[in-house]
Amino acid sequence: MTAPLAAPREDASGFTRDRAMWGAIMLAPYVLVFAVMVVYPVAYGLWLGLNWNSYRALFADPIFIRTVVNTIIFLFVAVNLKFLIALMLSGFFVQQRAWIRIVLVLFILPWAVPSIPTILSFRVMLNPENGMLNQQLFQWFGIMEGPGWLTDPKLAFISSIFVHIWKSLPFWTLILITGRLAIAQDLYEAASVDGANRWQQFRFITWPSLATLYVTSTMLSMIWTLGDFNSVYLLTGGGPGDLNHVLATLGIRYMRNNNLDLGIASIIVAMPLILPMVFVMVKRLSKGPDA
């Protein structure tokens with residue numbers, strides 16, 4: 001009686017082993033690609049980052065100190081201004097009107113198109129000598145010498161922030177629109193019946209419902225903004241005079257000058273800014289929607 005019962009167990013265990021074996025075979029190419037494309041470059045970069053002489057040379061470079069200041073200003077201004085505008089625009093685009101939906105589609109286009117052609121288009125438009133913006137200033141107001149949008153250090157830095165906001169604003173506006181649409185309309189109807197104005201509805205209904213999404217999105221945007229080199233590198237190249245670099249572009253500058261060690265060190269230095277934000281964001285997400 002025991003022999004017929006033992007055979008199915010052996011067959012089941014053999015079937016399980018075969019499934020595990022074929023699963024490992026099918027997974028092996030992905031593991032290999034991940035190891036070659038992710039694990040090896042990261043491990044090699046960390047190994048190069050163990051050279052303490054690179055950090056001494058990095059901190060002795062005056063461009064690095066200015067880059068750190070630029071990065072902090074870029075993060076604070078760009079992220080906060082971007083989300084303030086996104087919060088206001090989300091309230092506008094959430095209205096159920098046909099023409100607003102058409103405007104929303106046009107508004108999304110800057111985020112949908114690739115970064116390289118759009119930012120290079122801004123570089124052409126902001127050219128101080130023959131750019132479209134200065135030409136329009138001459139035609140409309142007779143200004144012979146327009147502002148040096150890309151040659152003046154302050155204006156070049158402001159232009160980089162503007163381009164970054166212009167490029168990423170549609171995405172975060174969509175995120176906040178989604179959060180607004182998840183709010184029950186009965187709350188607004190009840191508030192209107194009680195005589196609440198639009199500001200009171202935003203203060204006591206909209207903002208408490210969006211606060212968690214707003215803060216989490218802000219931290220995620222800070223992480224992405226810290227790694228965004230397109231807005232600065234494609235527009236100004238970190239110039240003029242290497243005065244407008246951020247940490248994301250400083251590494252490229254060193255690598256372009258054949259200083260790979262300094263490039264890796266400048267990237268590793270950004271880790272103390274990234275890791276706390278990642279930790280806080282993961283901790284908030286793990287607590288659920290009420291965090």
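Q: Which helix gives the most to the lining of the largest pocket?
A: In this predicted model, H9 gives the most to that lining, with five residues. The elements that give two or more residues to the lining of the largest pocket are helix H7 (153–181), helix H8 (185–193) and helix H9 (198–226).

Q: What makes residues count as lining the largest pocket, and which lie nearest its centre?
A: A lining residue must have an atom within 4 Å of a pocket point. The largest pocket has 15 lining residues, and Gly 91, Val 94, Arg 180, Tyr 188 and Arg 198 lie nearest its centre. The volume of this pocket is about 520 Å³.

Q: How do the lining residues of the largest pocket divide by class?
A: Five are nonpolar, six are polar and four are charged. Gly counts as polar and Arg as charged.

Q: What is the volume of the second largest pocket, and which residues lie nearest its centre?
A: Its volume is about 280 Å³. Of the 17 residues that line the second largest pocket, His 164, Lys 167, Ser 168, Trp 224 and Asp 228 lie nearest the centre. Helix H5 (115–125), H7, H9 and H10 are the elements that give two or more residues to this lining. H7 provides the largest share, five residues. By class, the lining of the second largest pocket holds six nonpolar, eight polar and three charged residues.

Q: Why is Thr 173 called buried?
A: A residue is buried when its relative accessible area is under 20%. The value for Thr 173 is 1%, and Thr 173 is therefore buried. Thr 173 lies in helix H7. Leaving aside neighbours within four places in sequence, Thr 173 is in contact with Ala 86, Leu 89, Ser 90, Phe 93 and Phe 107.

Q: Why is Asp 242 called partly exposed?
A: The partly exposed class lies between the buried limit of under 20% and the exposed limit of over 50%. Asp 242 has a relative accessible area of 22%, so Asp 242 is partly exposed.

Q: What sets the phi of Asp 242 apart?
A: Most residues other than glycine have a negative phi. The phi of Asp 242 is near 60 degrees, a positive value in a residue other than glycine. Asp 242 is placed in the loop between H10 and H11.

Q: Which peptide bond is cis, and where is Pro 240 found?
A: The bond from Gly 239 to Pro 240 is cis, with omega near 5 degrees. Most peptide bonds are trans. Pro 240 is found in the loop between helix H10 (230–233) and helix H11 (247–256).

Q: How do you know that the buried residues of H5 lie on the same side of H5?
A: The buried residues of H5 are Thr 118, Ile 119 and Phe 122. They cover an arc of only 90 degrees around the axis, and therefore lie on the same side of H5. The buried residues of H5 pack against H7 and H10.

Q: Which residues touch the most other members of the largest nonpolar core?
A: Among the 22 residues of this core, Phe 74, Phe 83, Phe 93, Leu 104, Ile 161 and Leu 176 touch the most other members. Helix H3 (62–93), helix H4 (98–112), H7 and H9 each supply at least two residues of the core. Not counting residues up to four places away in sequence, Leu 176 touches Phe 83, Ala 86, Leu 87, Ser 90, Leu 210, Leu 213 and Tyr 214.

How values were computed
Residues numbered from 1 in each chain as written. Predicted model: local features only at pLDDT ≥ 70, side-chain atom pairs only at ≥ 80, totals over all residues. Heavy atoms only, no water. Helix = DSSP H or I, 4+ residues; strand = E, 2+ residues; numbered from the N terminus. Buried < 20%, exposed > 50% of the residue type's maximum accessible area, 1.4 Å probe, protein only. 1 Å grid on protein atoms, 1.4 Å probe; cavity = no way out; pocket = protein on both sides within 12 Å on 5 of 7 lines; lining within 4 Å. Points joined across faces, edges and corners; volume = space filled by probe spheres on them. Contact = heavy atoms within 4.5 Å. Core = buried A, V, L, I, M, F, W, Y, C linked by side-chain atoms within 4.5 Å. Arc of directions from axis to C-beta.
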